[in-house]
Every structure is written in C-alpha cells, then in structure tokens.
Amino acid sequence: MQIKRIVEAKLPTRWGNFLIVGFEEKKTEKNHVALIYGNVAGSNPVLARIHSECLTGDALFSLRCDCGFQLEAALHHIIQEGRGILIYHRQEGRNIGLLNKIKAYALQDNGADTVEANQHLGFSADERDFTLCADILELLHIKTIRLLTNNPQKVKILSQSQINISERVPLIVGRNPKNTNYLDTKAHKMGHFLFPISKK
C-alpha cells in the first residue's frame, strides 16, 4: 500500500454535497483526494472517475484539452447516478509537472503534438501512476467499479491491481476547434476511445 487515508470533511458543490477524503503518499507525502457521493458501500458496482489534475483545464478554463469538461461531466454523472466517487489524481500534465506542461505547450505551439512534446522534454507519452488510485479504492473498500474513462491504460492498470471493472463508461465531452489535434493524438497515438475522430 503506497498511500494512507488522512482526513475527511463535507464538501458542498454546485452539483451536490460530497464527502472529500484526503490521502497522502507514504514516500513523497504528495496529496490526493476522493470525492464521494452517496453510499458507496456494498457489492454493487460504483460509478467511478479517476481525474488527473489539470490546473489549466480544471481551474483556468483552458480549451487546449478536454479535462475541465470531463471533470464537470463526471461530477454531473455521479450526481445523476445517486452514488459514486471521483478520485482527483494529483499528477499534473500526465505527471510531468506544471512547468514542464507549459514547456510542452510551447512545443505544441510550434507544431509538436502532445506525445512528441513530452518525448522532446525527456518523458514518455504518459508518466502517470494509476496504481495509487487502486490503493485509494482499496482503502475505501471499493472493489467493483463502473469506470468513467476513455483511456484503456486506466482499465488495464486498475484491473491488474485487483480492481474489478464491470463496465467502461465513455466520457466524451468538450471537443472544440482548440483541442482537435490534442484529442486526435490521444486517439491515434495513445489508443483512447474517442469518437468521432476528425479527419486529418
């Protein structure tokens, strides 16, 4: 177990009233949170979203990605479902960090795609560690989920970490003229399930 549960509190939002649970990585002391809505106990699959931190998309309303749109849509889906969990996975920029993410943006401004930009900076296309999220689900005693994702790697890593995924629920929102290349790169180079894919 790489992570430990630290604290919880009520978190009212414009979508509804959540319980926010704070976690800390044992080695790095880095923090992550889970937002829980309703009663997630029991054997029925829980609607779950792993949302990786994106300051630009989530808080600054960037149109370069679909992250902010996905965050809002996921919270809305969870409320509609009546129960669910959103893990806010604090690994900014696919875990290259905020400043490196801005450097990657600069490379993209000059023609690179997201994968090429990361590789130019010395990183892989995706540096995130989703096993931390499996640990969070285990600490919350959640073993079976319906996963809100378009990312096959999340499905693969969680399944390998003994989390039972009964269904992958698509979360395709936020396509706009500013993020078309970003989304197409995720589909073509990273295997994300994104449709329709615009023609090159």
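Reader: What do the buried residues of helix α8 pack against?

Author: They pack against α2, α3, α5 (114–120) and α7 (152–160). This is a predicted model. The buried residues of α8 are Thr180, Tyr182, Leu183, Asp184, Thr185, Lys186, Ala187 and Met190.

Reader: Which residues of α2 are buried?

Author: Cys67, Gly68, Gln70, Leu71, Ala73, Ala74, Leu75, Ile78 and Ile79.

Reader: How do you know that the span of α2 is close to the expected one?

Author: α2 has 15 residues. The expected span takes 1.5 Å times one less than the number of residues. That gives 21 Å for α2, and the helix reaches 21 Å from its first C-alpha to its last. Gly82 follows α2, and its phi is positive, near 95°.

Reader: How many disulfides does the structure hold?

Author: It holds 0 disulfides.

Reader: Why are Cys54 and Cys133 called buried?

Author: Buried means under 20% relative accessible area. Cys54 has 3%, so it is buried. Cys133 has 0%, so it is buried as well.

Reader: Why does Thr149 count as buried, and what does Thr149 contact?

Author: Its relative accessibility is 1%, so Thr149 counts as buried. Thr149 lies in the loop between β6 (144–148) and α7. Beyond its neighbours within four places in sequence, Thr149 touches Arg49, Lys154, Val155, Arg168, Val169, Pro170 and Leu171.

Reader: How do you know that the side chains of Arg90 and Glu53 meet in a salt bridge?

Author: The cut-off is a nitrogen to oxygen distance within 4 Å. Arg90 and Glu53 come to 3.4 Å, N to O. The pair links distant parts of the chain, 37 residues apart: Arg90 is in the loop between β5 (84–89) and α3, Glu53 in the loop between β4 (46–52) and α1. Arg90 is partly exposed at 30% relative accessible area. Glu53 counts as buried at 18%.

Reader: What links Arg64 to Asp109?

Author: A salt bridge, at 3.1 Å from N to O. Arg64 sits in the loop between α1 and α2, and Asp109 in helix α4, 45 residues apart. Arg64 is partly exposed at 27%, whereas Asp109 is exposed at 55%.

Reader: Why do Lys101 and Glu92 both count as buried?

Author: The limit is under 20%. Lys101 has 8%, so it counts as buried. Glu92 has 8%, so it is buried too. Lys101 and Glu92 form a salt bridge, with their closest N and O atoms 2.6 Å apart.

Reader: How many salt bridges does a search of the whole structure find?

Author: It finds 13. There is also a network of salt bridges that links Glu81, Arg146 and Glu167.

Reader: Which residues make the nonpolar surface patch?

Author: Leu55, Leu60, Leu98, Leu99 and Ile102 make this patch of about 460 Å². Its largest share, 3 residues, comes from helix α4 (residues 98–109).

Reader: Why is Leu60 called exposed?

Author: Exposed means over 50%. Leu60 has a relative accessible area of 55%, so it is exposed. Leu60 lies in the loop between α1 (55–59) and α2 (67–81).

Reader: What is the phi of Phe61, and why does Phe61 count as exposed?

Author: Phi is near 65°, a positive value in a residue other than glycine. Phe61 has 66% relative accessibility, so it counts as exposed. Its place is in the loop between α1 and α2.

Reader: Why is Leu107 called partly exposed?

Author: Leu107 has 23%, so it is partly exposed. Leu107 lies in helix α4. Aside from neighbours within four places in sequence, Leu107 contacts Ala112, Ala117, His120 and Leu121.

Technical notes
Residues numbered from 1 in each chain as written. Predicted model: local features only at pLDDT ≥ 70, side-chain atom pairs only at ≥ 80, totals over all residues. Heavy atoms only, no water. Patch = residues over 30% accessible without salt bridge, like charges linked within 9 Å, V, L, I, M, F, W, Y side chains within 5 Å. Areas by Shrake-Rupley, 256 points an atom, 1.4 Å probe, with all protein chains shown as cover. Helix = DSSP H or I, 4+ residues; strand = E, 2+ residues; numbered from the N terminus. Buried < 20%, exposed > 50% of the residue type's maximum accessible area, 1.4 Å probe, protein only. Disulfide = S-S within 2.5 Å. Contact = heavy atoms within 4.5 Å.
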